[in-house]
Amino acid sequence: MDELMEPDPETLSKLFQLDSHGELWRRDEYAAIFHHQLQVSLADLTGAEDRADQPNESASISIEELLAAEHPPTHALVSLKQFAKLSGSRSDGVLPKPVSAVIYLLAIAKALQSTGTRITEMDDVSLKEKLTWAADQPWLDDRYRSPLRSVAEKLS
(Lines give C-alpha, C1' and ligand atoms only; values in the text may rest on other atoms or scores of the structure.)
Protein backbone atom coordinates (compact mmCIF):
# COMPACT_ATOMS: atom_id res chain seq x y z
CA MET A 1 0.00 0.00 0.00
CA ASP A 2 2.83 2.39 0.83
CA GLU A 3 4.31 1.79 -2.61
CA LEU A 4 1.16 3.19 -4.20
CA MET A 5 1.32 6.28 -2.03
CA GLU A 6 4.96 7.05 -2.88
CA PRO A 7 5.14 9.14 -6.06
CA ASP A 8 7.94 8.49 -8.49
CA PRO A 9 10.46 11.37 -8.06
CA GLU A 10 11.00 11.65 -11.83
CA THR A 11 7.25 11.91 -12.48
CA LEU A 12 6.91 14.58 -9.80
CA SER A 13 9.83 16.46 -11.26
CA LYS A 14 8.18 16.51 -14.71
CA LEU A 15 4.83 17.51 -13.23
CA PHE A 16 6.25 20.53 -11.46
CA GLN A 17 8.76 21.51 -14.14
CA LEU A 18 6.95 24.55 -15.49
CA ASP A 19 9.85 26.26 -17.19
CA SER A 20 10.37 26.48 -20.95
CA HIS A 21 11.92 23.00 -21.04
CA GLY A 22 8.94 21.24 -19.47
CA GLU A 23 5.95 20.12 -21.51
CA LEU A 24 2.66 20.41 -19.70
CA TRP A 25 0.70 18.58 -22.42
CA ARG A 26 1.25 15.44 -24.44
CA ARG A 27 1.04 15.57 -28.24
CA ASP A 28 -1.95 13.24 -28.20
CA GLU A 29 -3.84 15.89 -26.21
CA TYR A 30 -3.39 18.68 -28.78
CA ALA A 31 -6.54 17.85 -30.78
CA ALA A 32 -8.74 17.95 -27.68
CA ILE A 33 -7.12 21.19 -26.49
CA PHE A 34 -7.52 22.76 -29.93
CA HIS A 35 -11.20 21.79 -30.23
CA HIS A 36 -11.90 22.98 -26.69
CA GLN A 37 -10.25 26.31 -27.46
CA LEU A 38 -12.44 26.73 -30.55
CA GLN A 39 -15.48 26.95 -28.25
CA VAL A 40 -14.10 29.90 -26.29
CA SER A 41 -15.58 33.31 -27.11
CA LEU A 42 -13.34 36.08 -28.38
CA ALA A 43 -14.40 38.18 -25.40
CA ASP A 44 -13.06 35.55 -23.02
CA LEU A 45 -9.77 35.40 -24.91
CA THR A 46 -9.07 39.03 -25.53
CA GLY A 47 -11.18 41.00 -23.07
CA ALA A 48 -12.82 42.60 -26.12
CA GLU A 49 -16.00 43.37 -24.18
CA ASP A 50 -14.03 45.93 -22.16
CA ARG A 51 -12.53 47.71 -25.17
CA ALA A 52 -14.20 50.85 -26.41
CA ASP A 53 -12.20 50.82 -29.66
CA GLN A 54 -13.73 47.57 -30.97
CA PRO A 55 -17.31 46.84 -31.92
CA ASN A 56 -18.92 44.35 -29.53
CA GLU A 57 -20.92 42.30 -32.03
CA SER A 58 -18.01 39.95 -32.70
CA ALA A 59 -16.90 39.64 -29.06
CA SER A 60 -19.55 37.07 -28.14
CA ILE A 61 -18.79 34.67 -31.00
CA SER A 62 -16.54 31.68 -30.53
CA ILE A 63 -13.26 31.11 -32.33
CA GLU A 64 -14.98 28.35 -34.29
CA GLU A 65 -17.75 30.72 -35.42
CA LEU A 66 -15.20 33.37 -36.37
CA LEU A 67 -13.19 30.92 -38.46
CA ALA A 68 -16.38 29.59 -40.11
CA ALA A 69 -17.78 33.05 -40.93
CA GLU A 70 -17.92 33.94 -44.61
CA HIS A 71 -16.80 37.53 -43.96
CA PRO A 72 -15.36 37.73 -40.45
CA PRO A 73 -14.48 41.14 -39.02
CA THR A 74 -10.78 41.82 -39.57
CA HIS A 75 -10.38 43.32 -36.10
CA ALA A 76 -11.63 40.05 -34.58
CA LEU A 77 -9.09 38.04 -36.59
CA VAL A 78 -6.35 40.43 -35.48
CA SER A 79 -7.44 39.98 -31.86
CA LEU A 80 -7.38 36.20 -32.25
CA LYS A 81 -3.94 36.35 -33.88
CA GLN A 82 -2.60 38.55 -31.06
CA PHE A 83 -3.97 36.23 -28.39
CA ALA A 84 -2.40 33.19 -30.05
CA LYS A 85 0.90 34.99 -30.54
CA LEU A 86 1.04 36.01 -26.89
CA SER A 87 0.04 32.55 -25.69
CA GLY A 88 2.63 30.88 -27.90
CA SER A 89 5.44 33.21 -26.95
CA ARG A 90 5.14 32.66 -23.20
CA SER A 91 6.49 29.67 -21.36
CA ASP A 92 3.41 29.88 -19.13
CA GLY A 93 0.98 30.31 -22.03
CA VAL A 94 -2.48 28.83 -21.67
CA LEU A 95 -2.03 26.62 -24.74
CA PRO A 96 0.67 24.30 -26.02
CA LYS A 97 2.90 26.18 -28.45
CA PRO A 98 1.84 24.11 -31.50
CA VAL A 99 -1.85 24.77 -30.77
CA SER A 100 -1.16 28.49 -30.35
CA ALA A 101 0.80 28.51 -33.61
CA VAL A 102 -2.00 26.82 -35.55
CA ILE A 103 -4.62 29.25 -34.20
CA TYR A 104 -2.30 32.15 -35.05
CA LEU A 105 -1.89 30.89 -38.61
CA LEU A 106 -5.60 30.14 -39.00
CA ALA A 107 -6.39 33.78 -38.18
CA ILE A 108 -3.89 34.98 -40.79
CA ALA A 109 -5.15 32.50 -43.40
CA LYS A 110 -8.79 33.40 -42.75
CA ALA A 111 -8.06 37.11 -43.18
CA LEU A 112 -6.30 36.47 -46.49
CA GLN A 113 -8.92 34.02 -47.73
CA SER A 114 -12.09 35.86 -46.68
CA THR A 115 -11.24 39.53 -46.84
CA GLY A 116 -8.00 39.66 -48.82
CA THR A 117 -6.46 41.46 -45.84
CA ARG A 118 -2.92 40.66 -44.79
CA ILE A 119 -2.66 40.79 -41.00
CA THR A 120 0.97 39.69 -40.81
CA GLU A 121 4.29 41.16 -41.81
CA MET A 122 5.69 37.72 -42.71
CA ASP A 123 6.93 37.46 -46.27
CA ASP A 124 5.19 35.01 -48.60
CA VAL A 125 7.93 32.37 -48.43
CA SER A 126 7.94 32.29 -44.60
CA LEU A 127 4.16 32.40 -44.40
CA LYS A 128 3.79 29.56 -46.92
CA GLU A 129 6.27 27.45 -44.94
CA LYS A 130 4.42 28.06 -41.66
CA LEU A 131 0.97 27.48 -43.17
CA THR A 132 2.21 24.20 -44.66
CA TRP A 133 3.66 23.18 -41.29
CA ALA A 134 0.32 23.95 -39.60
CA ALA A 135 -1.67 22.01 -42.21
CA ASP A 136 0.60 19.00 -41.65
CA GLN A 137 -0.15 18.72 -37.93
CA PRO A 138 -1.56 15.21 -37.43
CA TRP A 139 -4.04 16.34 -34.77
CA LEU A 140 -5.69 18.93 -37.03
CA ASP A 141 -8.82 17.91 -38.93
CA ASP A 142 -9.56 18.71 -42.58
CA ARG A 143 -12.00 21.50 -41.76
CA TYR A 144 -9.01 23.57 -40.61
CA ARG A 145 -6.27 21.89 -42.65
CA SER A 146 -7.91 22.74 -46.00
CA PRO A 147 -7.95 26.54 -45.64
CA LEU A 148 -4.33 26.51 -44.46
CA ARG A 149 -3.29 24.51 -47.54
CA SER A 150 -5.44 26.59 -49.85
CA VAL A 151 -3.89 29.87 -48.73
CA ALA A 152 -0.36 28.36 -48.76
CA GLU A 153 -0.82 27.22 -52.37
CA LYS A 154 -1.71 30.76 -53.46
CA LEU A 155 1.49 32.23 -52.01
CA SER A 156 4.60 32.45 -54.19
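## A tour from Gln37 to the helix pairs

Begin by selecting Gln37, which lies in helix α3 (residues 30-38), where helices are DSSP runs of H or I with at least four residues, strands are E runs of at least two, and both are numbered from the N terminus. The model is predicted, so local features need pLDDT of at least 70 and side-chain atom pairs count only at pLDDT 80 or more, while totals for chains, interfaces and linings use all residues. Residues are numbered from 1 along each chain as its sequence is written, and side-chain values use heavy atoms, with hydrogens and water left out.

Gln37 counts as buried because its relative accessibility is 8% (buried means under 20% relative accessible area, exposed over 50%, and partly exposed in between, with a 1.4 Å probe and protein chains only). Next, show the residues in contact with Gln37, leaving aside its neighbours within four places in sequence: these are Leu45, Ile63, Phe83, Leu95 and Ile103, contact being heavy atoms within 4.5 Å.

Now select helix α6 (residues 74-89) together with helix α7 (residues 97-115), whose axes come within 8 Å and cross at roughly 160 degrees; axes are lines fitted to C-alpha atoms, for helices over the stretch in contact, and angles run from 0 to 180 degrees between N-to-C directions. That angle makes α6 roughly antiparallel to α7 (under 35 degrees counts as roughly parallel, over 145 as roughly antiparallel, 65 to 115 as roughly perpendicular, and the rest as oblique). Among the residues making this contact are Leu77, Leu80 and Ala84 of α6 and Ile103, Tyr104 and Ala107 of α7.

Move on to helix α8 (residues 124-135) and helix α9 (residues 142-154), with axes that come within 8 Å and cross at roughly 155 degrees; these two helices are therefore also roughly antiparallel to each other. Colour Lys128, Leu131, Thr132, Ala134 and Ala135 in α8, which meet Arg145, Leu148, Arg149, Val151 and Ala152 in α9.

Finally, display the whole protein chain, which has 9 helices and 0 strands, and in which buried residues make up 40% of the 156 residues. Colouring by pLDDT, the predictor's confidence in each residue from 0 to 100, gives a chain average of 84, with 76% of the residues scoring at least 70. Two stretches call for caution: pLDDT stays under 50 over residues 14-21, where the model has 3 contacts beyond four places in sequence, and also over residues 48-52, where the model has 9 such contacts.
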